[in-house]
Each structure stands twice: as C-alpha cells, then as structure tokens.
Amino acid sequence: MSTLEIRDLQVSVKLPEGELKPILAGVNLTVRAGETHAIMGPNGSGKSTLAYSIAGHPKYQVTAGTVTLDGADVLSMTVDERARAGLFLAMQYPVEVPGVSVANFLRTAKTAIDGEAPKLRTWAGELRGAMERLHMDPAFAQRNVNEGFSGGEKKRHEIMQLELLNPRVAILDETDSGLDIDALRVVSEGVNRVRATGETGLLLITHYTRILRYIQPDFVHVFVAGRIVEEGGPELAEKLEAEGYERYLAGAGPAT
Ligand code: ADP
Ligand code: MG
Ligand code: MG
C-alpha cells in the first residue's frame with residue numbers, strides 16, 4: 001500500500017524580480033492508499049502552492065522539508081518521474097495541449113506511466129467506458145486537450161485521466177470550482193469510483209465545502225497561512241460550513 005509523506009514542507013514562490021516569497025510554513029501530512037483527505041482553507045492560504053510544489057512546478061522553490069512516496073524522494077524527481085512514480089496532479093488551471101487529441105494524450109500518458117503501451121483492443125473499450133461513466137459524448141476523444149473545453153469538460157477530462165491512469169496518490173486542486181450541480185455529481189461519482197478501488201490515496205483541495213457533500217473525506221485538514229492549523233474527521237467540514245474560516249484567520253497572523 002502506497003504512502004505519500006509530507007514533512008515540514010516549506011516553500012517559497014519565485015517572484016519575477018528573483019525574490020523569494022515564503023508561502024508554505026511547514027506542512028505535515030500523510031496520505032495512504034485508500035484514504036481520502038480534504039484540505040480546506042481560505043483563498044490565498046497556499047493550498048495550490050502545496051499542489052504545485054508536489055507536482056514540481058518550477059515557480060515554487062522548496063526551502064525545507066521532504067516529500068516522499070513509498071520512501072522515494074519526490075522532490076528530486078523530474079515532473080515525468082513523479083507521474084511515473086504514481087503521483088497524479090489535477091491542476092486548478094489545466095493547460096491546453098495544442099494539436100493533441102484526448103485519446104492520444106491519454107494513451108501517451110498511460111504508456112509513460114505503465115512503461116508499456118496499453119493493448120489497443122482493450123484500451124479502446126476502457127476509454128469508451130470511462131467516457132460513458134462520465135456522461136461524455138464519444139466525439140470528445142477526438143478533440144484537442146483542453147482546447148475550447150468548458151469548465152465542466154475540463155473537470156470531466158481530469159477525472160477521466162484519474163480513472164484511466166490509476167495513480168497511487170492523486171491531488172485534485174479545486175476540482176469542484178466552476179461546476180454546475182449535475183457536473184459536480186458526475187465528477188464526484190468518478191472520484192468515488194476511484195476511491196472505492198482502495199488503491200489510490202486522494203487529496204482533495206477545496207475552498208468550499210459543497211464537494212464534500214458528495215465525497216465524504218476520512219480526514220479534514222484546515223489550511224491557513226501556509227500550514228495546517230486543525231485536523232479532524234468529516235464533522236470538521238460541517239463545522240467549517242457553518243462557521244467559515246474567520247476564527248482561524250483572527251489568530252493566524254503572518255506565517256512565522
Ligand atoms: P490558495 O490556493 O490557497 O488560494 P495559493 O497557493 O494560490 O493559495 O497562493 C498563496 C499565496 O502565494 C498568495 O498570497 C498568492 O498571491 C501567492 N502566490 C502564489 N503563486 C504565486 C506566484 N506565482 N507569484 C506571486 N505570488 C504567488
Ligand atoms: Mg486560490
Ligand atoms: Mg488555489
């Protein structure tokens with residue numbers, strides 16, 4: 001069973017002038033296969049910075065701490081190596097991939113991660129099945145990745161990748177943002193299918209509690225000013241829904 005371990009992670013963002021602005025102030029988190037964690041926090045608290053840092057985005061510099069996946073040092077891996085190691089990062093603002101169809105993109109990703117190309121006959125069926133489960137038009141497979149995708153299509157594409165690539169640990173950053181209620185349900189069902197396999201550790205990052213009505217997290221972490229300030233079970237999400245983040249912000253102050 002896989003484990004992602006984040007220890008005392010401190011990260012600064014590289015500003016255009018070359019300066020470093022500290023964002024993450026020592027994050028500790030362990031995500032095991034089969035567990036669903038929710039990170040919740042106000043805007044600007046550093047949630048996406050955490051996701052980008054684990055993804056290896058060049059704008060973010062780790063100044064202290066460690067991230068390991070089954071003991072392997074994630075921070076020394078290239079972005080490709082991180083994906084091959086079984087990390088899946090769905091970004092808040094997915095990029096366009098000009099001239100590459102959804103079908104080819106997914107097949108290339110699957111090949112890179114598994115180390116061999118998926119069998120053509122079974123792969124077509126898997127792709128079709130994933131699209132059916134997400135209520136997507138089969139023509140979607142021939143469109144270019146993210147080109148002109150609606151918000152809902154981007155998120156469905158994200159979940160399609162998640163289901164087909166079968167990662168050890170998946171980090172979903174604001175997968176719920178910009179979804180109408182039907183799309184939210186379809187996307188949540190996809191996440192819950194992945195969850196039900198018990199093979200993937202899920203880290204859901206969100207500002208709002210609404211997705212947590214459809215996906216019940218095992219653990220909730222409140223994230224304020226670059227660190228986790230409270231942890232609990234699903235009841236904590238309900239408390240946040242009722243009370244908001246105010247009481248954390250009052251005592252948060254600047255990250256030290
Ligand atoms: P969240 O996802 O919780 O809303 P972010 O991680 O996006 O928070 O941002 C945390 C803080 O870091 C914010 O103050 C934001 O302005 C700053 N920040 C993040 N990325 C950059 C960047 N590329 N350049 C400058 N500031 C950044
Ligand atoms: Mg934000
Ligand atoms: Mg964010």
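**View 1. Arg-247 sits over the ring of Tyr-248 in this predicted model.** Here Arg-247 lies over the face of Tyr-248, 4.5 Å from the ring centre. A charge counts as over a ring when NZ of Lys or CZ of Arg is within 6 Å of the ring centre and within 35 degrees of the ring normal. Local features need pLDDT of at least 70, side-chain atom pairs count only at pLDDT 80 or more, and totals for chains, interfaces and linings use all residues. Residues are numbered from 1 along each chain as its sequence is written, chains are lettered from A and ligands numbered from 1 in the order written, and side-chain values use heavy atoms, without hydrogens and water.

**View 2. Aromatic pairs.** Searching the whole structure gives 2 aromatic pairs (Phe, Tyr or six-membered Trp rings with centres within 6.5 Å; planes under 30 degrees apart are stacked, over 60 edge-to-face, the rest tilted). Tyr-52 and Tyr-60 are stacked, because their ring centres are 5.5 Å apart and their planes at 5°. Phe-140 and Phe-149 make a tilted pair, with 4.7 Å between centres and 40° between planes. Tyr-52 and Tyr-60 are buried, as are Phe-140 and Phe-149 (under 20% relative accessible area, 1.4 Å probe, protein chains only).

Note on methods: Buried < 20%, exposed > 50% of the residue type's maximum accessible area, 1.4 Å probe, protein only.
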